[in-house]
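Thanks for coming. I have one structure to show today, and I will keep to how its parts pack.

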Amino acid sequence: MLTTLVLLQVVTIVTGVHVLRDDLNLSTLTSGPAPTTPTASPEETPPVPVVTAGPVLAQLPARAGDGPLPTKGTLTRQLTDALGDKALGDRVGAVVIDAATGERVFAADPETGIVPASTTKVVTCAAALAALGPDARLSTRVVDGASAGSIVLVGGGDTTLAGPSAKPGAYPRQPTLATLAARTAKALKARGTTKVTLSYDASLYTGPTRAPGWKPNYVPDGEVTPVHALTIDAGRQYPGHSRPRVSDPPRFAAVAFAALLRGHGIGVAGTMRPARAAPGAAELGRVESAPVYALVERALTYSDNDLAESLARQVAVKEGKPASFAGASDAVHTVLQRRGVAKGIEVHDGSGLSTRNRISADALARLIALTAGQPDLRALASGMPIAGFSGTLGNGRRFTGGDSKGQVGLVRAKTGTLNNVNTLAGLATTKDGRLVTFAFMADQVPSNAEPVLDRLAAIVARS
């Protein structure tokens, strides 16, 4: 081995001397022809630049939102023709707004208050983001009760809390009652406690559990659960099935929690009753929801009525108003007023199930336009369904017509559907890169106007 190393060193030295003496270049060593012109030294070769996203986007002819506005005459003619479709009925509001300037690009009955259906969730979610902040979380806790050996399960309004029989759901990740039970049992055992009495506190929300304007069939049909601050699986008796909804969500959650505690070796005695937790009571366990921005995305993408109602109540709590339907409506209006977008908005619930809600197309489009300039509201845009791909626009029925399927993936919008009501509000980037928002709303629809609404949004996206 030593001899081999010595020979290698000798060869290397001899070769180096030969190269220096004969001025060999790379072509000589590789038996290739010598270059006819001098080769530039490495110092003369310009360095390869590291290209980042900024310079790349800067070279585009139009950055997102900065392209020219669509030709108003052409857009007006195309939208006006589509709005003449009899499927829309006799009462329609339509607006297209330039997100950068707030200028109306198109308008037809823009100020008329129309039943918004689930596009109400845009209003609710905007208020929740503005009032609570995108990173706030909802907590479900267990605290000490008033007497020795008593504990209280305290609801914080988190409808995403998963019960013991629920399977892991879609985004965002849900907190579980099982985790809360495990943490509580661990804390109790650390004290040497193995038997408790259990109460439950759902007093955070007040007032009627059904909103004015809700139809009697909404709860039996599984559209929504009566609103309570303590619930598991959004009040569904069987997770994954929209109905039946349980009649007493707080007690249902407490019974499930007691069973989980027993599974961890904690006996639960007596009859479970509602009770108010004492302020400052020692906490034994806690689980938290996903951040509000993720809850907003879920509420918009899946049109989650239960979550939307809870978010509206959370706005009331934050604003120091009663956490009731009336208090939530008042609080939402107050928050939007601070942002300068309350005009044209009258809501009586958070989900849009109430037939008493009235929102103008102009108000809805202007509210969505705020997402372009106010970072704390960006989850409004990211949560809206994508045409043909996600949520209520990805069900295989939307943007399938010959006049709209070409814009699949190019429109983000919230849908709204009630009897004789169809609405669609969202945003799109025009073919020249201009970000615009729109709202198309009809509340005297003879049967189904969804294909027409899709056509209207597609016209905007390809304008």
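Predicted model: local features only at pLDDT ≥ 70, side-chain atom pairs only at ≥ 80, totals over all residues.

Residues are numbered from 1 along each chain as its sequence is written, and side-chain values use heavy atoms, with hydrogens and water left out.

Helices (H or I, at least four residues) and strands (E, at least two) are DSSP runs, numbered from the N terminus. Two strands pair if DSSP finds at least two bridges between them.

The sheet is open and has 5 strands, in the order S2-S1-S13-S12-S11, with antiparallel pairing. Which strands stand at the edges? They are S2 (104–108) and S11 (411–418); each has a single partner strand, so one side of each is left without a neighbour in the sheet. On average, neighbouring strands here are turned by 5 degrees against each other, direction ignored. For angles, axes are lines fitted to C-alpha atoms, for helices over the stretch in contact, and the values run from 0 to 180 degrees between N-to-C directions.

S11 runs antiparallel to S12 (residues 421–429), and 8 bridges join them.

H11 (residues 361–369) lies across S1 (92–98), S2, S12 and S13 (435–442), at about 150 degrees to S13. Contact means heavy atoms within 4.5 Å.

H11 also packs with H5 (residues 120–132), at an angle of about 40 degrees and with the axes 10 Å apart. H5 and H11 are therefore oblique to each other; under 35 degrees counts as roughly parallel, over 145 as roughly antiparallel, 65 to 115 as roughly perpendicular, and the rest as oblique. Val 122, Val 123 and Ala 126 of H5 make the contact with Leu 364, Leu 367 and Ile 368 of H11. By class, the residues of this contact are 6 nonpolar, no polar and no charged. Nonpolar covers Ala, Val, Leu, Ile, Met, Phe, Trp, Tyr, Cys and Pro; charged covers Asp, Glu, Lys and Arg; the others, Gly among them, are polar.

The second pair is H6 (residues 177–191) and H7 (residues 249–263), packed at about 50 degrees with axes 9 Å apart. These two are therefore oblique as well. Residues that meet include Leu 177 and Thr 184 in H6, and Phe 257 and Leu 261 in H7. The contact of H6 with H7 divides into 10 nonpolar, 1 polar and no charged residues.
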